[in-house]
Each structure stands twice: as C-alpha cells, then as structure tokens.
Amino acid sequence: MPTVDLAATELRALNQALHELSDGTNESRWEIVNPRGSHAVAVGVNAPVEIDIRGSLGYYCAGMNRRAKITVHGSVGPGVAENMMSGEVVVKGDASQYAGATGQGGLLVIEGNASSRCGISMKGIDIVVRGNIGHMSAFMAQAGHLVVCGNAGDALGDSIYEAKLFVRGSVKSLGADCIEKPMRPEHIEVVAKLLDRAGITDIKAQEFRRYGSARKLYNFNIDHADAYG
Amino acid sequence: MCGIVGLFIKDKALEPQLGKLLAGMLATMCDRGPDSAGFAVYGSDESGSRKITVQSPDPALFSGLDAALGDALGAKLQMTVRDTHAVLRLEAAQADQAKQLLRENYPHLRVMGVGERIEIYKEVGYPTGVAERFGLASMSGSHGIGHTRMATESAVTTMGAHPFSTGSDQCLVHNGSLSNHNNLRRELKHGGMTFETENDTEVAAAYLTAQMDSGLSLGDALQKSLDDLDGFYTFVVGTRDGFGVLRDPIACKPAVLAETDQYVAFGSEYRALVGLPDIDGAKVWEPEPATVYFWGR
C-alpha cells in the first residue's frame, strides 16, 4: 500500500502517480498523510482504487473523481468532489462551500456539516450530509439526490430542475420554484438505500421530507408566449 | 482575492510568540495576495501613553524626527524605526497635538495608526518579504491581524494595502469588494471623516469608526454594517481589547475559524492554521454568513 507524505512529496507528483493508475493495478489502496490544508489533492483519479487522506484539506479535493473511493479523515475546503463522475468520496469532518458542485455521478458523503451552495448545479450525483447544509444549496440542481439528515439554510433548491432533495430537519426557506412534495414509497426506498450506502443506521428514511421543482420557472407555457419574445 | 489571517491570544503565556505565529500564518497566504501585505499587532498595555505609527517612503527622513517633534511638543518621545515605518511613543495627552504637527510639518510622513496598543505596518511587496522587513516574527502582543492583497478596487500602493486604521486602536482587513463605497464615502465625509485613499476597505473601516464614535459597540457596529454595506466581504477587525469577524450574507469569500483554550485564530483557508499549537485538537469551523463573531479580554 503506497503511503504518500505530502510534507515530503510534491502535490503534482502525487496526482500524477494517481492518474497513471489503471484497471487491475496492484496499488489499489493509497494513504496520504500530512496534507496540511493542501488544494487539489487526489483530483482527476480514474481507477477503482481506495485512497485514505489523513488530515484536513483545502480547495477542490477529489474533483472530477471517477471510480475511486476517497475518504478524507478530516475536513475539506470549498469544492470537494466538484464534477465527480462516479465512485465515492467520504468526508469524516465538515465541508466548505459548493460540495459536490456540478457532480454527474457517484456518491458524496459528508459526515459533518456542509456550508453554502452544497450540490449547486448537481447533475446526477448523490449527496448525503449527516449534519446541516448552508444557504443556496442545490441551486439550479438538475439531477441526482441530496439527502440532508440535519437542517437546510436559506433558499434551498432555488431554480431547481429535476434533482430530488430530502431534508430531515428544518428548511430555513425554499428558493424560487422549489416546493415540498409528498414522500411516496419509491422516495422512502431511495433515501433508505442512500442512508445505507452512507453507513447511516440510526436514522429512518420515513423521517425525511421531499422537496423539488414546481416546474413553473423553466417549462414552456403557451399562455406565457408573449413573455418569451 | 486576498488572504486574511488573525490571531487572538487567550493564554498570556503565548503572547511572546504572537509575531512568530502570525508571520507563519501570513506566509501561507502569499499566493492569495502577492502584491502587498500588512499587519497590525496589539502590543503590551502602556497605560497613559500613545503610539503613533508613521510611514515614510524614505526611512532616512526619520532621522532627527523624535528630537524635533519632542522639542515642538515640549516633551520627550521615543521612536522605534522598522524599515519604512516608525513608532512614536508619547504621553497620551499630547497625541492629538503630535498628529497635527505631523500633518502640518511633515507632509512626507503618513500616519498609519494611533492608539494605546496598536502598531500597523504595511508595504507593497511579496508578503514574506514585507513581514521580514518589519521583523514581524520577533513581535509580541495579545492579538494581531494580517493581510495579503491582490488588488481589485484601487491601486497597488502602500496606503492601499491593509490593514486600515481609522480610529484609535482600531483596524480592519477585508477580502472582497464593496459596491457602494463611493456613496458611503461621500456621506462619511459630510460627517467629518477624512480619507487617505480611493480604497473601498478604507470606507468600511471609516464606517465602523463612525458608528463606534456615535456610541455603538464594535459588535453593534458590525451588525449595522450588514444593512449599510453592499458587496462581498469577509472582515476581520481589531480593537484595543478585541477581535471580530464578519462575512456578508452571500459569504463567497472563504473563512475558517479555530479556537482552543489558548487562542482564537482566523484564516482565509485552513492552510493558514496548520502551524498553530495543538491545531489538531482545536475546534475548527466555518463562520456563518451575516453573523458577528467577537472575542474580547
């Protein structure tokens, strides 16, 4: 198992080594120590490997991840797992702004809190947050699921498209065109699966409420034809 | 983009290390603001006296300043020169007269700050170089605030660097940009405030000073600024005995706080905090938007 000490190794060398991994590699488990808040750690990995990062990180950790399972034993700065394609990213601590932004696939789990703009413009990623999320989360969210075990801040789901939001606690306010919708059996099933994948066993899927698009903002409506001029 | 660091010491045993810790924090933020840097350090309490920090483009012009100013005031004053800055120590009662004399007779000198405890140093240049020129690492004190600047709203000059001090023992640093500073500056000028630059941050500092002059606490002044300042900001402010943090409601500009029994620390990024004692055991969190944080002693 390769261990990379970022106090002694250049970030570029680490990321290059991770980019060179291919299917069937024997180096399938990596440990990264002493990140000391570094930016862009383990960005662009495209191999089915497991990477454990011991410590807290700065901007853009695990961005564009494909297939790797990346676990951060600490907190992360802005933009964790930005544009993730597949795989899994787990943050044991908190996440700063725009966690999982534009993510197209895979699972992002934040065991602490996420701050503002969590899941902004998400396009298919699944995000599970054990704690709370900040304001403007899921802004213009297009697809995927955002499951929040705690509370959501102001303007949740503003201008949302078809992403599905599930919040267990309070929602400070809903953004434009975001409404509460009934939890049907298929939604309980989706949340239960995501909680299970996130390793959360003490919270029930039935405790969540669902939010999503009222579909009034972006859908063409013949009665409004004049306004589109 | 700019970088901010701040350290407020709770455990007096750590005070001799303030400068060293702050210099380490500042050095991590060079790439957020490589064009200029500055810092304010709140040193030991010397009751009854005042410190005036002055800046001269040519340090040779400090020669004989202490004697000449002392003669004019009819009293002795002490002067400590650090590169382009000098700190003048004098009786509190003479501070206003000294400021007036400096303004009238020494047009080449710029007053950076006045107070019982504050000393302010700032210059154009790479932040680690600026910190070395002033010997930040050897300074001690109860709290300090540093800034690395990437200018957006006004020119890269010494006076455009942060911190800005517009009231006794007060200072402010800023990451962001204000959009209503011209109008506010006009209003504050009507109220009697004077300005050294076209910089937006100076307006924010003057605004807070004006609010505190009208009787508000720093906390209340910061609260009021949420209604009156328009734009993006993360502010860190220092007063004689306190240290405050405020982010605008949108909170795009990054901020991390850490607290232990020994200190409260602020960094634009977590990188700025990793060299602090027992950081792994600290409570680390991102300050909430539109929420005033304040620590005092």
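**Entry 1: what I am looking at.** I note that this is a predicted model, in which local features need pLDDT of at least 70 and side-chain atom pairs count only at pLDDT 80 or more, while totals for chains, interfaces and linings use all residues. Residues are numbered from 1 along each chain as its sequence is written, and chains are lettered from A and ligands numbered from 1 in the order in which they are written.

**Entry 2: strand S3 of chain B.** I wrote down that helices (H or I, at least four residues) and strands (E, at least two) are DSSP runs, numbered from the N terminus, and that two strands pair if DSSP finds at least two bridges between them. S3(B), residues 49-55, runs antiparallel to strand S6 (residues 110-115) of chain B, with five bridges joining them. S3(B) is also joined by seven bridges to strand S5 (residues 85-91), again antiparallel, and there B:Gln55 has B:His85 as its bridge partner. A residue is buried if 20 or more other C-beta atoms lie within 10 Å of its own, exposed if 12 or fewer, and partly exposed in between, with C-beta atoms placed from the backbone. Six of the seven residues of S3(B) are buried.

**Entry 3: chain B as a whole.** I counted seven helices and 15 strands in chain B, and buried residues make up 49% of its 297 residues. The C-alpha trace spans about 50 × 45 × 35 Å along its principal axes. Chain B is divided into domain 1 (3-44 + 137-296) and domain 2 (45-116), with bounds that come from an automatic or database domain assignment. The C-alpha centres of these two domains of chain B lie 25 Å apart.

Entry 4: A nonpolar core is a set of buried Ala, Val, Leu, Ile, Met, Phe, Trp, Tyr and Cys residues joined through C-beta atoms within 7 Å. The largest one has 79 residues, and B:Leu7, B:Leu22, B:Leu26, B:Leu172 and B:Ala204 touch the most other members. Helix H1 (residues 18-28) of chain B gives the largest share of this core, seven residues. In H1(B), 10 of the 11 residues are buried, and what covers them includes strand S1 (3-9), helix H4 (127-134) and strand S13 (263-267) of chain B. For B:Leu172, not counting residues up to four places away in sequence, I listed its contacts, among them B:Pro163, B:Phe164, B:Ala204 and B:Phe235.

**Entry 5: B:Leu14.** Is B:Leu14 buried or partly exposed? B:Leu14 counts as partly exposed, because it has 18 C-beta neighbours inside 10 Å. I located B:Leu14 in the loop between S1 and H1 of chain B. Not counting residues up to four places away in sequence, B:Leu14 touches B:Ile9, B:Gln262 and B:Tyr263. The C-alpha atoms of B:Leu14 and B:Pro277 are separated by 9.7 Å, although the two are 263 residues apart along the chain.

Conventions: Two residues are in contact if their C-beta atoms, placed from the backbone, lie within 7 Å.
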